[in-house]
Amino acid sequence: MHIRVSDVKKWVGREETQHLSEEWPEVAQERSMYPMRGAAEMDVTVRNVGRALIVELDGVGHVEAVCSRCLETFDLPVPFSVAEEFREEPGASDPHEDFFRFQGDKVLLDEIVADAFGASIPYAPICGEECRGLCPICGTNLNTGTCHCEMSMDNRWAQLSRLKFPEDSSSS
Ligand SMILES: [Zn+2]
Ligand SMILES: [Zn+2]
């Protein structure tokens, strides 16, 4: 995955935006804990600031996520964005530097796409705000079924609330 920068390189201050719709780079799948779906869709803006090119990504990818409440798989859109500096210098990019290197007319995007996307995947995704999750007692998926555990849970809470604790008696 790359963009051509032959024109934008020529004039300081020049800016170009292009839309990419391509296969995910392999390294992106390595950073994602969930299988990816479909193509990588993103707008890429390149701005020539003289000493470097500033590359901004703004995109969305889809993964087959597992809901942290009900454990069902679902399609999760993952928006991601990042801005990185690229300098035309020989040699490979060095992770200890705060810029990337490129040479010639192409800027490779695989690394920054993978990093930005991987960092944007939520740690505990949910299939929807209204997801009711699994019954903690019998494991029934409460989005699709019902169980009778709730009633007995209520009884237990009622019994707990009647208990007296030492703090209660001393403070009164
Ligand atoms: Zn769910
Ligand atoms: Zn239950």
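Visitor: In what order do the five strands of the open sheet lie, and what is the sense of their pairing?

Guide: In this predicted model, the strands of the open sheet follow the order β2-β3-β4-β5-β6, and their pairing is mixed. Because β2 (15-22) and β6 (100-102) each have a single partner strand, they stand at the edges, and one side of each is left without a neighbour in the sheet. From one strand to the next, the twist averages 30 degrees.

Visitor: Where does α2 pack, and what angle does its direction make with that of β5?

Guide: Helix α2 packs on the sheet, where it touches β3, β4 and β5, and its direction makes about 140 degrees with that of β5. The buried residues of α2 (110-120) are I112, V113, A114, A116 and F117, and these pack against α1 (26-31) as well as against β3 (36-48), β4 (53-66) and β5 (73-88).

Visitor: Why is Q103 called exposed?

Guide: A residue is exposed if 12 or fewer other C-beta atoms lie within 10 Å of its own, and Q103 has 11 such neighbours, so it counts as exposed. Q103 is found in the loop between β6 and β7 (106-108).

Visitor: Which residues is Q103 in contact with, leaving aside its neighbours within four places in sequence?

Guide: Q103 is in contact with E88 and P90, while its C-alpha atom is separated by 9.6 Å from that of F86, 17 residues apart along the chain.

How values were computed:
Residues numbered from 1 in each chain as written. Chains lettered and ligands numbered in written order. Predicted model: local features only at pLDDT ≥ 70, side-chain atom pairs only at ≥ 80, totals over all residues. Buried ≥ 20, exposed ≤ 12 C-beta atoms within 10 Å, placed from the backbone. Helix = DSSP H or I, 4+ residues; strand = E, 2+ residues; numbered from the N terminus. Contact = placed C-beta atoms within 7 Å. Pairing = 2+ DSSP bridges. Axes fitted to C-alpha atoms, helices over the stretch in contact; angles between N-to-C directions.
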